[in-house]
Amino acid sequence: MDLSLADILAARKTIAGMADATPLVPSPHMRTVAGQEFLLKLENMQPIGAFKLRGALNAVMNLPEGVTGVTCCSTGNHGRGVAYAAGLRGLRAVICMSELVPQAKVEGVRALGAEVRIIGQSQDDALAESQRLVAEEGLVEISPFDDPFVIAGQGTIGLEILEKRPDTAMILAPLSGGGLAGGVALAAKSINPRVAVIGVSMDRGAAMYQSIRAGKPVEVEETPSLADSLGGGVGLENRLSFPLCRDYLDDVVLVTEEEIYHAMQTLYYEDRIVAEGACVVGIAAMQAGRLPKPRGPAATIVTGRNLDMSQFTKIINGQDIALGDYRIAGKAYR
Ligand SMILES: *Cc1c(COP(=O)(O)O)cnc(C)c1O
């Protein structure tokens, strides 16, 4: 593994002034649940509404001169980041997304001036289209998680957490392809090896969890989830984010859709924050008692706010939610 803290420090310089150093705020309610101070890293406040801006900017700004356009597959937020970063450099951007990606995310990408291709039923289908564009149209692909610049960009979140709060004992990172959790773990443990970094995924289609258990990247079935941003595989050819997560994460825990539903209500009613299902998995895991008791302040990354508002208002109102064939029975908050 040749990624190091130096790459993350370089990424911070590259993205400064474009991605924000977001606030790290205490959640008084979650403190009572965790029995320790509980901090929220508010990446929902980034210019594109998600942390993915960091990695996308670092990757796009490091492209050599002469590149004319970029492409990627995305569950929505990486596409937004790449579209935004490409716009800053005046590059063409073609974002490939599957039919599972919510309409609100598709429109968000389009609004940034990128071309959008909707293709197939999975991230793998979207990736295949992106790779076709590389071969046929000479675009450069920017992986959502398996790219050293992307991982280093996401890792800047770990730097900011530990610089603001060197006493942080546990970081909870929403986990999908592992660019975020891998980068944050590398940053945090390079600064303080005693910080526990735990990845959290939904139990429906947890690709990195299954891959770590299998000892190699494996395919998982992709199903609709409240945490739609955590969908998709880790890539059978994964080079970087799989070994990083395998070697640096202390644990990976899974949460149910019902726990995510409850955590979205919690963050809204207790902290007045509107956030995607993917962002609240750390809160869900703590509330459901799936984590060891933190030995000091715990922090979770509120990764983004780009959700479908009609689904969100149903959750806030305690109504039922349909995810394909799966139904979540509604429940009013408290
Ligand atoms: C992409 C994403 C994640 C997970 O990041 P990975 O690097 O793929 O593990 C978490 N939350 C949101 C909102 C995302 O868009």
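Reader: How many residue pairs are in polar contact between domain 1 and domain 2?
Author: In this predicted model, the count between domain 1 and domain 2 is 17 residue pairs in polar contact, both residues being at pLDDT 80 or more.

Reader: Which elements give two or more residues to the side of domain 1 that touches domain 2?
Author: They are α1 (5-15) and α7 (148-164). The largest share of that side of domain 1 comes from α7, with seven residues.

Reader: And by class, what does that side of domain 1 have?
Author: The side of domain 1 that touches domain 2 has 13 nonpolar, 10 polar and nine charged residues.

Reader: On charges, how many salt bridges does the rule find across the interface?
Author: Four salt bridges are found across the interface of domain 1 and domain 2.

Reader: Which residue forms a salt bridge with Lys-105?
Author: Asp-228 does, and the closest N and O atoms of that pair are 2.7 Å apart.

Reader: Changing topic, where are the domains in the chain?
Author: The domain assignment gives domain 1 as 5-50 + 150-328 and domain 2 as 52-141. The contact takes 32 residues from domain 1 and 24 residues from domain 2.

Reader: What separates the centres of the two domains?
Author: Taken over C-alpha atoms, the centres of domain 1 and domain 2 are separated by 22 Å.

Reader: What area is buried between them?
Author: The area buried between domain 1 and domain 2 is about 2200 Å², and carbon and sulfur atoms give 58% of that area.

Reader: Which three residues supply more than any other three on the domain 1 side?
Author: Met-18, Ile-48 and Glu-222 supply 27% of the area that domain 1 buries against domain 2.

Methods. Residues are numbered from 1 along each chain as its sequence is written. This is a predicted model: local features need pLDDT of at least 70, side-chain atom pairs count only at pLDDT 80 or more; totals for chains, interfaces and linings use all residues. Side-chain values use heavy atoms; hydrogens and water are left out. Domain bounds come from an automatic or database domain assignment. Contact means heavy atoms within 4.5 Å. Buried area is the accessible area (1.4 Å probe) that two parts lose on being put together, summed over both. A salt bridge is a side-chain nitrogen of Lys or Arg within 4 Å of a carboxyl oxygen of Asp or Glu. A polar contact is a pair of N or O atoms within 3.5 Å; within protein, one must be able to donate a hydrogen and the other to accept it, and residues adjacent in sequence count only if both atoms are side-chain atoms. Helices (H or I, at least four residues) and strands (E, at least two) are DSSP runs, numbered from the N terminus. Ala, Val, Leu, Ile, Met, Phe, Trp, Tyr, Cys and Pro count as nonpolar, Asp, Glu, Lys and Arg as charged, and the others, Gly among them, as polar.
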